[in-house]
Amino acid sequence: TRSEGFTYTSTRSRVVFGVDASRERLAAEVDALGGQRVLVVAGAAEMPLARELAEPFADRVVGWFDDVRQHVPVECAEAARALARDTSADLLLSVGGGSTTGTAKAVALTDRLPVLAVPTTYAGSEMTNVWGLTEGARKTTGVDDVVAPRTVVYDPALTVGLPPGLSAASGLNAMAHCVEALWAPGANPVTTLLAVEAVAGLTRGLPGVLADGEDLTARSDVLYGAWLAGTAFATAGSGLHHKTCHVLGGAFALPHAEMHAVVLPHVLAFQTPALHPATVDRLSRALQGPGAERPAELLADLDDALGIPAGLRDVGLREEDLPEAATLVADVVADGAIPNPRPISRADVDALVRAAWAGRPRR
Ligand code: NAD
């Protein structure tokens with residue numbers, strides 16, 4: 001709460017947001033960052049789009065890097081770094097989802113080049129100073145301000161091609177960022193403000209995006225929500241929800257997006273009694289409820305509307321795995337293992353994991 005005092009560090013990135021912003025304003029943003037030798041980073045599927053966007057400053061593009069893979073294998077990072085050095089690049093332009101942004105960040109980390117990011121999903125990586133690399137099966141992450149993109153151009157028009165399944169998965173990933181930001185260790189009144197506004201944008205936009213992927217109003221609402229969600233999460237950090245999903249995903253190879261979507265309403269139901277009543281009220285309204293209602297059920301309704309499986313039982317977790325699942329989660333989150341507004345006991349974890357396995361939290 002405000003009376004307890006807080007610390008707020010804002011991200012230093014510049015954001016340009018708007019339909020067609022990538023076509024109309026990207027060249028000016030390259031100029032503003034002093035980009036004379038631009039290395040374009042985009043996955044093979046997004047490279048045609050990246051080439052089109054770079055057309056107005058094609059004479060300043062010194063290289064194209066398209067070996068983008070999930071979780072940024074070190075070999076890919078090394079190849080991108082070598083290209084940046086060979087071409088004496090002075091600016092990295094990334095066009096794509098979180099994997100692409102992550103590849104540009106890996107180059108920024110070692111070579112200290114500024115990143116101009118043009119996101120095409122709702123992952124939110126472009127708003128954080130977190131980098132990630134994988135070597136074999138091991139993923140390493142770290143925090144360094146040098147990887148945070150200096151400028152981000154958000155263009156809802158670039159997301160119209162994101163298919164319904166990916167749109168829902170990515171949008172609900174953003175939802176997890178903003179809901180978690182309400183209680184994560186770095187939460188403060190400003191991140192709460194951002195988080196509630198993000199929830200509102202995602203809730204307003206996602207059903208429309210699934211009904212008509214070319215609805216630019218809905219696409220704009222979701223991308224706006226994803227931006228604010230990423231911003232709130234970048235400051236608030238990860239808490240009960242992400243730690244729980246990290247453990248479950250790692251131990252039982254559950255599908256990432258569905259698992260997050262299924263677990264989130266249950267974590268929210270657990271946390272709600274410890275949230276400030278005014279926050280609960282605003283959150284319920286953001287989820288299009290009448291306010292002062294239990295927000296977890298409203299979030300579960302949204303999952304229903306988006307066709308998300310009901311419980312972890314529907315995405316591959318077996319009932320006989322529940323004791324082990326609860327033990328693994330409890331080791332990481334229970335009995336004071338993480339700072340949390342509501343104390344979490346082993347019994348709480350058992351109940352949470354079983355409820356998420358069985359189906360939605362219900363009124
Ligand atoms: P992604 O970047 O792997 O992209 C998923 C798929 O979507 C790809 O096949 C891509 O070609 C396709 N795609 C992207 N944009 C599209 C568009 N507009 N139309 C059609 N297809 C499109 O997935 P993601 O969900 O964007 O990002 C996930 C990755 O980002 C994970 O590795 C995650 O760890 C990372 N991430 C990092 C942070 C951070 O702070 N460092 C934050 C969030 C996510």
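Tutor: The largest cavity has a volume of about 30 Å³. This is a predicted model, where local features need pLDDT of at least 70 and side-chain atom pairs pLDDT 80 or more, while totals for chains, interfaces and linings use all residues. Residues are numbered from 1 along each chain, and side-chain values use heavy atoms, without hydrogens and water.

Student: What makes a space a cavity rather than a pocket?

Tutor: On a 1 Å grid over the protein atoms alone, a 1.4 Å probe fits in a cavity but cannot get out, whereas a pocket is an open set with protein on both sides within 12 Å along at least five of seven lines. Grid points are joined across faces, edges and corners, and the volume is the space filled by probe spheres set on them. The search of the whole structure finds one cavity of 30 Å³ or more.

Student: Which residues line the largest cavity?

Tutor: Lining residues have an atom within 4 Å of a point; among them are L172, H260 and D303. By class, the lining has seven nonpolar, one polar and one charged residues. Helix α10 gives the most, with four residues; helices here are DSSP runs (H or I, at least four residues), and strands are runs of E, at least two.

Student: Why is the pair of F17 and Y224 called edge-to-face?

Tutor: Rings pair if their centres lie within 6.5 Å, and planes under 30 degrees apart are stacked, over 60 edge-to-face, and the rest tilted. The F17 and Y224 centres are 6.2 Å apart with planes at 90°, so the pair is edge-to-face. Because F17 lies in strand β1 and Y224 in helix α8, the pair ties together parts 207 residues apart in sequence.

How values were computed: Ala, Val, Leu, Ile, Met, Phe, Trp, Tyr, Cys and Pro count as nonpolar, Asp, Glu, Lys and Arg as charged, and the others, Gly among them, as polar. Rings of Phe, Tyr and Trp (its six-membered ring) pair if their centres lie within 6.5 Å; planes under 30 degrees apart count as stacked, over 60 as edge-to-face and the rest as tilted.
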